[in-house]
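Here are my notes on the model you sent over. Have a look at the structure first, then read on.

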Amino acid sequence: MKKTVLKVVALMLVAVIACAALVSCGKTLKGTYETALGTPSFTFKGNKVTLEIDLVITATTIEGKYEIEDDKITFTWEGENADKAEDYSGTLAFAEGDGYITIGGVKYNKVEK
């Protein structure tokens, strides 16, 4: 009898820990979102993001990570081009709708690539 109770309690603890781990992962996005003009565009996969922006003559790609919490999105850019993403750095307002997101008040539509 004691062993059965101990097994049930152990399984319940594992279930609670698994649920807590899933909840702590936070919200993630998947896919590419761009403005009506096509640039800039964000491609999300897991907790990683790629930003593509046009700078005068050339396009620049910047990679980083993001985290969504409530109605805010925080970007952390990495690599040699990180300084070129200063307009998209830090914590910005975020909202998600049907087929689009807004970041810092700018609407980005989801595109199929």
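1. A bit of bookkeeping: strands here are DSSP runs (E, at least two residues), numbered from the N terminus, and two strands pair if DSSP finds at least two bridges between them. On that basis, 8 strands form a closed barrel in the order 1-2-3-4-5-6-7-8, with antiparallel pairing. Neighbouring strands of this sheet are turned by 35° against each other on average, direction ignored (axes are lines fitted to C-alpha atoms).

2. This is a predicted model, with local features needing pLDDT of at least 70. Residues are numbered from 1 along each chain as its sequence is written.

3. Confidence, then. pLDDT is the predictor's confidence in each residue, from 0 to 100; the chain's mean is 83, and 78% of its residues reach 70 or more. Where pLDDT is low, the predicted coordinates should not be read in detail.

4. Which way do the residues of strand 1 point? In this strand (residues 31-34), Gly 31 and Tyr 33 go one way, Thr 32 and Glu 34 the other. All are buried, that is, under 20% relative accessible area with a 1.4 Å probe, protein chains only.

5. Strand 1 pairs antiparallel with strand 2 (residues 41-45) over 4 bridges, and Gly 31 sits opposite Phe 44. Their hairpin has 6 residues between the strands, and Gly 38 takes a positive phi near 95° there.

6. Strand 1 also pairs antiparallel with strand 8 (residues 106-111), over 3 bridges; here Tyr 33 stands opposite Lys 110.

Terms used:
This is a predicted model: local features need pLDDT of at least 70, side-chain atom pairs count only at pLDDT 80 or more; totals for chains, interfaces and linings use all residues. Side-chain values use heavy atoms; hydrogens and water are left out. Buried means under 20% relative accessible area, exposed over 50%, partly exposed in between (1.4 Å probe, protein chains only). Axes are lines fitted to C-alpha atoms, for helices over the stretch in contact, and angles run from 0 to 180 degrees between N-to-C directions.
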